[in-house]
Amino acid sequence: MAVTEHPPPPPSPPVDEPELLELWEDAPGIPGFLSTVDHKRIGMRYIYTCFFFFFVAGAMALVMRGQLAKPNADLLGPQLYNELFTMHGVTMIFLFNTPVLAGFGNYLIPLQIGTRDMAFPRMNAFSYWVFLLGGIFMYSSFFVGKIPDGGWFGYTPLVSRTFSPGLNIDFWGLGIVFTGLSTTVGSINFIVTIFKLRAPGMTLNRMPIFVWSMLVFSFMAIFAVPAVTLATGLNELDRLFGTSFFNPALGGSVLLYQHLFWFWGHPEVYILFVPATGMISQIIPTFSGRPLSGYLWVAGALVTVGFISFGVWVHHMFATGLPPVAMAFFSGASLIITIPSGVQFFAWIATMWKGRVRLTTPMLFGVGFLLIFLLGGITGVMVAVLPFDWQVTDSYFVVAHFHYVLNGAVVFPIFGAIYYWMPKMTGRMLSEKLGKLSFWVMFVGFNVTFFPMHILGFLGMPRRIYTYDNGLGWGGLNAMVSIGSAIFGLGTAITLFNWLWSRWRGVPAGDDPWDGDSLEWSTTSPPPHYNFASIPLVASRHPLWDQRPLPFAESGPEEDTSGLGSEGAVARETPVTSGIDTRPEGNLEIPHETYLPFVVALGLAALFVGLLIKAAVVGVVGVGLAVVAVLWWSWRTEEDLT
Amino acid sequence: MRRVRPAALAAVVAASSITLVSCRGHSPSMLDAHGTESQRVSGVWWLMFSLAAVVYVVVAAFIVIAIVRGRGGKREKAQKAPKDDTFIWLGGIVAPVIILAVLAVVTVNTTEALRNPEAGELRIAVVGKRWWWDVTYPDSPGVRTANEIHIPVDRPVDIELTSDNVIHSFWVPELAGKVDTIPGQTNHLRLTATAPGTYRGECAEFCGIQHAHMSFQIIADPPADFDRWLARRTTGAGLTPTSDQAARGELVFTREACAGCHAVRGTQAVAQIGPDLSDFGGRQWIGSLTVPNTPANLEQWIVDPQSVKPGTLMPPTALSAEDIAAVTAYLEGLK
């Protein structure tokens, strides 16, 4: 097993052959920007776009907190308040949390498993463009003054044509169907990449936990996203074409919508949470200087969570009048899902217990995560208890609970991941001093914001109200919450500033600034376009700790092994290995840069715009464009192969 | 970790906050329980809170010790620590299973005990509207009110909940948990108030622009008082205008726009689009607890309801100042 004192990491294999770089380089400027298929560029683009949305949604939250800071405030009217809380939720779930994890997965998975790109680089570019255009689609509602206002969850019949006749809801419903495509395509790409492109020797039980977590993320997304596509898609059919899936007057069912929505919605919580814990399972061992305790336990826990999370959706519907026996089943499942989280929790504690903790910024965010998630997990158990949930559901107690989970236990790990991996991505360190300051301000601000919300729930304050009366005694705590939110916002701004500063003045990171154990630290920071001139040969769960120096493969004479060494890099290939024992099986050609993914995404965007404005011509032109581009995409010429 | 936030401290903060804020107004707190269901659930809460406090303190202590102990550089300690597997078994599986088993039993027991039909129930039918509550007493035909629901103390009440528009949720924290009103189905909330009083309720499901002003109250009276209240609503008592101005108000009410949406028992105004106003003068609030029921507020409401509750479905009423005053006098006299 690994020891905690390591010699300096082995030198990267000889690269810098100008020919190799030139072969992989994107075209400069805007053409390269629009046509790149490099997973690292796409991954960073995901992360930056997501953080743009994060700060927009955060700003909305601060405006809402301004309105709620005192009773009967008139900063915002009810319509604007409803629009802001809807877009805050939509943005955080669909345009920040889910895609930012996909962004980290995009960047890190090929590096962590030792390959030169994702399995489907063009689909990868496509999923980013769909996500970006989906975000622009939803936000274009601000420019026409038809901002979605039915809540991020959009319950029918409130979002039916009868009760919400405007385009507001269409921006939301069509936008969700559109961005869902991005998640599904990305997930398929992750699964194939993880199963078929791992470096020789990286058997399943040697994969970094983050890779495991993205594998679980992907399988969950593939099964869950169709449900939300169906829910919002059927609702759009009701709205646009007068079907009556959810109209009780014509035989439809209102509750069917909720079942479909939460069949995605609860797994979605774990879709976000699982990769966040995957990040934590990378950060804690690195800064404890020893391998993760109970690796198999943790990997097993992630897979188990993936399965159980599909059996708990009804706990979002405990007040809908379903039969008590049915609800008791879901209550039980919601209690049981705690156990895999408990296993992970004690694996992290055991890792720190036996290690020697370095409280760097990423680790501080990790510890902050532990203390916050502990409380969010405990209140999660409480809301699983059926009669208690009858009281607290749709109150501020639940707002507190899910922000402890989705903000504390997902955003904190993501900030930790920024501090941990950004040096690899940009080649420059972020300031530790500013990082620690940012952490403490965020940690204090977070708890001052969200802890009092539990009490507000007990005091009877329901969710999603734009104002409240003076005589209800909610004023003091709400003022405290609003002050806390400003502090939290300041904390996130410090990290934004830190990032800007590091791009300008950051200390060069070197290959392995943290003494990490996984393969991404064996290449340069930032890595070359082809990641590895020669593919590393893995013989341990912690190759950089146990295999010194890290061996790299040579190209063999057979076709099976020709892609392993630098010949593979020259040929723009990456080796394909068997799914379980990672035996080399051949090579996957990595396509050149192309505009096609962007064009297909544009065509689809036109389809959704056509549906939105009910202009058949726009939709047909869009579909036509997408079909032509897909045909072109599938058309292989000699030029492609050279 | 330099900063610890034990749950015990949280408990103190929670308790002091509740005391602090209750000085500044009466909150409808679910822990200030005056109903059989809320009392039972409040018991469940305090049990869970005690368990949670212990769990938080113990686990947070583990985290802090785990961070601190390795930092001194005494590496031999690591050898004495239990095996990883043992630690994960005990902390991650055995302890949670015991706690969860307790909670599962509590869940099943509590759920079984609550919301069961009982003999001698008073039936009340409540329909969630945008954004107010329509209330009828099915066993007393003709009795209809809005937003202020009278019930007797110590008698089980079966509230039948439905909606003919969007989904709402009926929540009176001091008495019971919530139940949604859903178009196309009838849900039941069964509760018993254990003490007389006025208990504030809120709509808990987002239902559109005025979700924030869809409050109501349950007024629990001693049985004799309740019976008197109900009996009065089944006769014509209190419906006859007592002054000339009020009589004129009745004429205006029944002949002008008001009667297009509202009803007053015993008159030609029978529309059920807006709230029934037969006992309006006896109500404490206007607009689903938006503003107190005073003649000035009522005039403002009639003339320009949007200025009081933006987005309300009630249109402004174009009447002369005299007519407005007359309608106000009439409505305030209906008790």
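Helix 11 (338-354) of chain A has 17 residues, and at 1.5 Å a residue it should span 24 Å; the end C-alpha atoms of helix 11 are 24 Å apart, which agrees. The expected span here is 1.5 Å times one less than the number of residues. Helices (H or I, at least four residues) and strands (E, at least two) are DSSP runs, numbered from the N terminus. Since 16 of its 17 residues are buried, helix 11 of chain A is largely enclosed by the rest of the structure. A residue is buried if 20 or more other C-beta atoms lie within 10 Å of its own, exposed if 12 or fewer, and partly exposed in between, with C-beta atoms placed from the backbone.

Before going further, please keep in mind that this is a predicted model, in which local features need pLDDT of at least 70, side-chain atom pairs count only at pLDDT 80 or more, and totals for chains, interfaces and linings use all residues. Residues are numbered from 1 along each chain as its sequence is written, while chains are lettered from A and ligands numbered from 1 in the order in which they are written.

**Where the chains meet**

Across the interface, 74 residues of chain A are in contact with 79 residues of chain B; contact means C-beta atoms, placed from the backbone, within 7 Å. Helix 11 of chain A gives the most to the side of chain A that touches chain B, with 12 residues. Other elements that give two or more residues include helix 4 (78-113), helix 8 (254-288) and helix 16 (475-505) of chain A. By class, this side of chain A has 46 nonpolar, 24 polar and four charged residues. Ala, Val, Leu, Ile, Met, Phe, Trp, Tyr, Cys and Pro count as nonpolar, Asp, Glu, Lys and Arg as charged, and the others, Gly among them, as polar.

Helix 8 of chain A also holds A:T286, which is buried, with 25 other C-beta atoms within 10 Å. A:T286 and A:T351 are 65 residues apart in sequence, yet 9.9 Å apart in space, C-alpha to C-alpha. Leaving out residues up to four places away in sequence, A:T286 touches A:W514, A:D515, A:G516 and A:D517.

**Chain B and its sheets**

Chain B has nine helices and 12 strands, and 44% of its 335 residues count as buried. Two open sheets of chain B can be set side by side; strands pair if DSSP finds at least two bridges between them.

| Strand order (chain B) | Number of strands | Pairing |
|---|---|---|
| 3-2-1-5-8 | five strands | mixed |
| 4-10-9-6-7 | five strands | mixed |

Strand 4 pairs with strand 10 (residues 216-221) of chain B in the parallel sense over five bridges, and B:H150 stands opposite B:I219 in strand 10 of chain B. Helix 5 (residues 223-234) of chain B packs on the sheet, touching strand 4 and strand 10 of chain B, and its direction makes about 130 degrees with that of strand 4 of chain B. Axes are lines fitted to C-alpha atoms, for helices over the stretch in contact, and angles run from 0 to 180 degrees between N-to-C directions.

In the sheet ordered 3-2-1-5-8 (chain B), five bridges join strand 5 (residues 157-163) of chain B to strand 8 of chain B, and the two run antiparallel.

Terms used: Contact = placed C-beta atoms within 7 Å.
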